Amino acid sequence: MAAKKEKPIHSLFAGATAGAIEAFVTYPTEFVKTRSQFGGKKEGPIAIIKDTVRTKGITGLYSGCTALVVGNSLKAGVRFVTYDYFKKKLADKDGKISPSRSLLAGLGAGMTEAVFAVTPSETIKTKLIDDAKRPNPQYRGLVHGTVSIVKQEGISGIYRGLFPVMMRQGANSAVRFTTYATLKQFVQGTMRPGQQLPSAFTFAIGGIAGLVTVYTTMPLDVIKTRMQTLEARAQYRNSFHCAYRIFTEEGILRFWTGTTPRLARLVLSGGIVFTIYENIMKVIS
């Protein structure tokens, strides 16, 4: 697989645009997934949607949306730039990169985005969603919520769950990029030389990559959500203690809570992000 040279500014712009659009379109599934992963009574996706719409209206399904749109835009930009960077560094003398090196490049991209974009936005989003289900929410949106969290907990307050986020994002990107790149290479091998991959194929391949990613990284996502709730500091000493309590008190299947809405989001997001990214790169490269 040849390591195609992309300009970092192009990758940043295309990735950020794709990430922002994807986050807004799929946010209700992210909201339902996050709510279902909180501790306490187990709630199904339909019950969460009905309860939220009944008490908060349709807009309730977009609680914390701004934090995710901003964070997802930055995340996708960082992801594509760093993935392209690592891909070039790991390519052989002929400019080709093996699936194992593609996996390593994706792992590096995921770790980078976890530190610079994902952890703060995910922590704020999770706290806003957790706060919104209370009778008297204390946060009045993204800016007020962020300022309040930093005042109450310091800068570490928006970096809760950094370790599971780094593990999840590293695994996410490694699995997603490798699956996408491998399937794309296979499909292109069946096409005529110089023929461009149709957008429908790009969407389908991205969707499959999202499907594979969900089932392999779901436990890390559940731990990440629990570590970022408002009560996390009182309940869990660290990520390992959180995982231990979930396993011993709620059972191993609890690690896959929220799979359905996350599956819906990542399959859609995989298709949306890769399709928008590839098309923007065609225009500006």
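Let's begin with Ser199, which is partly exposed at a relative accessible area of 33% (buried means under 20%, exposed over 50%, and partly exposed in between, using a 1.4 Å probe and protein chains only). This is a predicted model, where local features need pLDDT of at least 70, side-chain atom pairs count only at pLDDT 80 or more, and totals for chains, interfaces and linings use all residues. Residues are numbered from 1 along each chain as its sequence is written, and side-chain values use heavy atoms, with hydrogens and water left out.

Ser199 sits in helix α7, residues 199-227 (helices are DSSP runs of H or I with at least four residues, numbered from the N terminus). Setting aside neighbours within four places in sequence, Ser199 is in contact with Thr275 and Asn279 (contact means heavy atoms within 4.5 Å). Leu162 is 37 residues from Ser199 in sequence, and the two lie 35 Å apart in space, C-alpha to C-alpha.

## Arg168, tucked away

Now for Arg168, part of helix α6, residues 162-188. Arg168 counts as buried because its relative accessibility is 4%.

So what does Arg168 touch, not counting residues up to four places away in sequence? The list is Val118, Glu122, Thr217, Leu220, Asp221, Lys224 and Arg262. With Glu122 there is also a side-chain to side-chain polar contact, at 3.4 Å (a pair of N or O atoms within 3.5 Å; within protein, one must be able to donate a hydrogen and the other to accept it, and residues adjacent in sequence count only if both atoms are side-chain atoms).

## The cysteines

Cys65 is buried at a relative accessible area of 8%, and Cys242 is buried at 0%. As for disulfides (pairs of cysteine sulfur atoms within 2.5 Å), the count is zero.

Conventions: Helix = DSSP H or I, 4+ residues; strand = E, 2+ residues; numbered from the N terminus.
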